[in-house]
There are 2 protein chains.
Amino acid sequence: MKPDQEHGIVEAQLRQKGHRWTNQRALIVRMAFATHDHFTAEQLLDICRREDPKVSRATVYRTLAVLEQEGFVEGLETGDGGRRFEHVLGHEHHDHMVCLGCEQILEFHDDELEQRQLLAARRLGFQVLRHSLRLYGYCRACQRAGNSQRAAKGP
Amino acid sequence: MKPDQEHGIVEAQLRQKGHRWTNQRALIVRMAFATHDHFTAEQLLDICRREDPKVSRATVYRTLAVLEQEGFVEGLETGDGGRRFEHVLGHEHHDHMVCLGCEQILEFHDDELEQRQLLAARRLGFQVLRHSLRLYGYCRACQRAGNSQRAAKGP
DNA sequence: GTAGGTGCAAACCTTTTGCAGCATG
DNA sequence: CATGCTGCAAAAGGTTTGCACCTAC
């Protein structure tokens, strides 16, 4: 899916849900969908301010909340108290491996895994709306670099 | 395992690692292991203050950090930005289902699930140290009560 | 015209830190 | 008696909110 298309879909759905489509929202959505990384709210603010220096922090947070609520963006905790976002549109669902060495986030997907999660839930009569699976450890490069030998927050 | 035993094990290992065993730590450990729930730092502070009103917030946080580092306690993000802890000693490893209706946390375990996670990681050359799997949705009771019909934060 | 959105600054909440005094080993 | 731990208060993130103004519809 092209950025333009994604942008249009977001605009259409927000309008349909009774939200207004403002310049700020257009900018924030464009920037959020332009990066294919997992960004923090603060990073997104910075990027937006490069184009319009007076976008407010509050607006970014408020827009992210709307986008999350409408399912266009997903928040994920990094384990160190931080929170990142990623856009969801045009991405298959996937889970994450978080490298404690270089902070890189790898994505993966395994259908069998998903099935077993649902099975486990069904056994307990639990109705699953969404899930979050994260593996923490070291990526290939960091293993080679010996990052896995020192403590995560080591000297 | 009896609470006394757990308490003793924690004391022994902390001492052995060169930590001191103070009244405050004994209290905090006792309280942390007394509850079988998933508690926030603030809740633990409150509970401890019932017995010793001048325990400091900083001490609770510092002690939780030591306990987490030594593997006696595990922190888990609740998805709403909050953080909870649970004691680990005498618990098998398990994953969590978080009910969005009553905030209850159900525990479950599935070996096959764990195996497939490791397999997925191995495919990408990723070395897993720990993982976190959470299913969000509604428990049986909340489904019956119709909580799943309203928005999570609904009126 | 009237909601809803925006910018600003202040409030908030949770966690961390600097420091002087205290207690443990 | 030296070092690690504690309590306090203040600082530090990151996120939310109150309010007056603005703008999309």
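**Exercise 1. The start and end of helix H5 of chain A**

Identify the atom pair that lies at the start of H5(A), then characterise the helix and the residue that follows it.

*Solution.* Step 1: a side-chain oxygen of A:Asp110 comes to within 2.9 Å of the backbone nitrogen of A:Glu112, at the start of H5(A). The model is a predicted one, in which local features need pLDDT of at least 70 and side-chain atom pairs pLDDT 80 or more, while totals for chains, interfaces and linings use all residues; side-chain values rest on heavy atoms, without hydrogens and water. Residues are numbered from 1 along each chain as its sequence is written, and chains are lettered from A and ligands numbered from 1 in the order in which they are written.

Step 2: H5(A) covers residues 111-123, that is 13 residues. Helices (H or I, at least four residues) and strands (E, at least two) are DSSP runs, numbered from the N terminus. From first to last C-alpha, H5(A) reaches 19 Å, close to the 18 Å expected at 1.5 Å a residue; the expected span is 1.5 Å times one less than the number of residues.

Step 3: the buried residues of H5(A) are A:Leu113, A:Glu114, A:Arg116, A:Gln117, A:Ala120 and A:Ala121. Buried means under 20% relative accessible area, exposed over 50%, and partly exposed in between (1.4 Å probe, protein chains only). Viewed down the axis of H5(A), these buried residues fall within an arc of 165°, so they line one face of the helix. The arc is taken from the directions between the helix axis and the C-beta atoms. An α-helix has 3.6 residues a turn, so residues three or four places apart point the same way. On the other side of H5(A), A:Asp111, A:Arg122 and A:Arg123 are exposed.

Step 4: A:Gly125 follows H5(A) and has a positive phi, near 70°.

**Exercise 2. Helix H4 of chain B**

Carry out the corresponding analysis for H4(B), from its cap to the residue just after it.

*Solution.* Step 1: B:Ser56 caps the N-terminal end of H4(B), with a side-chain oxygen 3.0 Å from the backbone nitrogen of B:Ala58.

Step 2: H4(B), residues 57-69, has 13 residues and reaches 18 Å between its first and last C-alpha, close to the expected 18 Å.

Step 3: in H4(B), B:Val60, B:Thr63, B:Leu64, B:Val66 and B:Leu67 are buried. Down the axis of H4(B) they fall within an arc of 160°, so they line one face of the helix. The face of H4(B) turned away from this buried side carries the exposed residues B:Arg62 and B:Gln69.

Step 4: just after H4(B), B:Gly71 takes a positive phi of about 85°.

**Exercise 3. Helix packing**

Classify the pairs H2(A) with H3(A), H2(A) with H4(A), and H2(B) with H3(B).

*Solution.* Step 1: two packed helices are described by the angle between their axes and the distance between the axes. Axes are lines fitted to C-alpha atoms, for helices over the stretch in contact, and angles run from 0 to 180 degrees between N-to-C directions. Angles under 35 degrees count as roughly parallel, over 145 as roughly antiparallel, 65 to 115 as roughly perpendicular and the rest as oblique.

Step 2: H2 (residues 23-34) and H3 (residues 41-51) of chain A pack at about 120° with axes 10 Å apart, and are therefore oblique to each other.

Step 3: H2(A) and H4(A), residues 57-69, pack at about 70° with axes 10 Å apart; H2(A) and H4(A) are therefore roughly perpendicular.

Step 4: in chain B, the axes of H2(B) and H3(B) come within 10 Å and cross at roughly 120°, so H2(B) and H3(B) are oblique.

Step 5: a crossing is left-handed if the near helix is turned anticlockwise from the far one by less than a right angle, and right-handed if clockwise. The crossing is right-handed for H2(A) and H3(A), for H2(A) and H4(A), and for H2(B) and H3(B).

**Exercise 4. A residue in a strand**

Determine whether A:Arg134 is buried or exposed, and name the side chain that it contacts.

*Solution.* Step 1: A:Arg134 lies in strand S5 (residues 127-138) of chain A.

Step 2: A:Arg134 counts as buried because its relative accessibility is 3%.

Step 3: the side chains of A:Arg134 and A:Ser132 are joined by a polar contact of 2.5 Å. A polar contact is a pair of N or O atoms within 3.5 Å; within protein, one must be able to donate a hydrogen and the other to accept it, and residues adjacent in sequence count only if both atoms are side-chain atoms.
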